[in-house]
Amino acid sequence: MTEETTNAPDDSYRSGYIAIVGRPNVGKSTLLNHLIGQKISITSRKAQTTRHRINGIYTDDHSQFVFVDTPGFQLKHLNALNRGMNRVVTSSLRDVQVVMYVLEALRYDERDQEVLKLLPDNRPVLLVINKIDEVADKGQLFDFAERIAKDFKFADIVPVSAKFGKKIEELRDTLRSFLPEGGLIYDADDVTDRSERFLASEILREKVFRFTGEELPYSVSVVIEKFEMDKKLRRISAAILVDKEAHKAMLLGKKGEKIKEIATQARLDMEKLFDGKVFLEVFIKVRSGWADDSRILQTLGYE
Ligand SMILES: Nc1nc2c(ncn2[C@@H]2O[C@H](COP(=O)(O)OP(=O)(O)OP(=O)(O)O)[C@@H](O)[C@H]2O)c(=O)[nH]1
């Protein structure tokens with residue numbers, strides 16, 4: 001905790017960057033969506049759906065929170081893609097004022113400890129225990145928190161249920177108390193500094209994961225090949241990159257029904273977020289072995 005943070009009078013405006021860190025699937029994206037009150041970061045049952053650093057912004061009369069969502073740590077199977085992701089995590093921690101370390105209630109193993117090792121010791125780190133709705137005996141949460149606190153000096157501990165929006169207000173209040181005094185970093189009505197182009201690809205990727213369930217591997221990626229404004233209409237062409245012909249068939253579904261449904265749902269979400277009509281074309285391209293190809297990764301913006 002810095003002097004500046006502790007001494008700021010409570011009625012002063014506060015603002016700052018907050019990183020969300022934790023291993024895949026603990027609920028970071030769900031938490032971010034609730035913290036900013038709008039769907040920006042994508043969520044899915046599958047681990048590792050977040051590959052980019054995303055800023056979600058929440059502004060009220062007393063504070064502005066700029067959230068940085070980080071990709072889940074992948075400690076096994078280090079290919080070029082995962083190495084790129086771990087770099088994003090470490091670099092996103094360098095320029096934030098507060099870190100939220102997210103765990104799933106009652107789950108803590110060596111993978112979480114690995115993540116813990118990368119946390120900074122020179123600024124406040126909050127332990128956020130998510131998915132408390134899954135724990136019937138709340139006393140267990142207390143013992144759990146005590147155990148984790150032996151491994152790291154947390155500034156505070158906040159139990160939440162991101163999915164059910166429980167204790168989110170409390171979490172925001174706690175976060176606020178650790179933000180430095182300062183004015184707006186972004187405009188008051190901004191929710192993200194990401195381009196519509198990026199958001200479009202995230203929405204489509206979410207639908208791909210949602211509609212293919214566990215069938216499709218994580219190497220699937222989405223590239224927006226065209227994003228044009230035609231008066232008020234957004235014309236978007238997107239390519240879904242897959243590794244194998246078999247994956248393409250999974251995405252197509254019977255008579256192309258699955259991809260049609262994916263594209264329709266993605267378009268509806270885009271129209272809601274952009275508040276305007278969208279014309280969306282989706283192609284599926286087979287690109288074998290791309291997850292290990294650094295050159296292609298560069299063009300996708302991972303490295
Ligand atoms: N029961 C319960 N499930 C939750 C809660 N928060 C998130 N989940 C579920 O946990 C799964 C993973 O959530 P995500 O938000 O995608 O997790 P993430 O940590 O962002 O995952 P990566 O993007 O892979 O790093 C989803 O199925 C969520 O619905 C919660 O509070 N309670």
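Predicted model: local features only at pLDDT ≥ 70, side-chain atom pairs only at ≥ 80, totals over all residues.
**Notebook: a first look around**

I started with burial: of the protein's 303 residues, 37% count as buried. I then counted the elements and got 10 helices and 9 strands in the protein. Next I looked up the contacts with a separation of 6 or more, and 70% of them come from residues 24 or more positions apart.

**Entry: helix H2**

I went to helix H2, residues 28-36, and asked how many of its residues are buried. I found that 9 of the 9 are, so H2 is largely enclosed by the rest of the structure. Among the buried ones I noted Lys28, Asn33 and His34, along with Leu31, Leu32, Leu35 and Ile36. Just after H2 I came to Gly37, which has a positive phi of about 70°.

I moved on to the strands. E7 (residues 221-230) and E8 (residues 233-242) run antiparallel, and 9 bridges join them. One pair I picked out is Glu228 with its bridge partner Arg235 in E8. The two strands make a hairpin with 2 residues between them, and in the turn I found Lys231 with a positive phi of about 55°.

E8 is also joined to E9 by 9 bridges, but this time the two strands run parallel. Here I saw Ala238 standing opposite Val282 in E9.

Put together, these 3 strands form an open sheet in the order E7-E8-E9, with mixed pairing. Which strands stand at the edges? I found E7 and E9 there, each with a single partner strand, so one side of each has no neighbour in the sheet.

I checked the helices next. H7 packs on the sheet and touches E7 and E8, and its direction makes about 135° with that of E7. H9 packs on the sheet too, touching E8 and E9, at about 140° to the direction of E9.

I stayed with H9, residues 257-274, to check its length. At 1.5 Å a residue, its 18 residues should span 26 Å, and the end C-alpha atoms are 26 Å apart, which agrees. Then I asked which residues of H9 are buried. My list reads Ile259, Ile262, Ala266, Arg267, Asp269 and Met270. I reminded myself that an α-helix has 3.6 residues a turn, so residues three or four places apart point the same way. What do the buried residues of H9 pack against? I found helix H7 (196-212), helix H8 (245-252) and strand E9 (278-286).

Technical notes
Residues numbered from 1 in each chain as written. Helix = DSSP H or I, 4+ residues; strand = E, 2+ residues; numbered from the N terminus. Buried ≥ 20, exposed ≤ 12 C-beta atoms within 10 Å, placed from the backbone. Contact = placed C-beta atoms within 7 Å. Expected span 1.5 Å × (residues − 1). Pairing = 2+ DSSP bridges. Axes fitted to C-alpha atoms, helices over the stretch in contact; angles between N-to-C directions.
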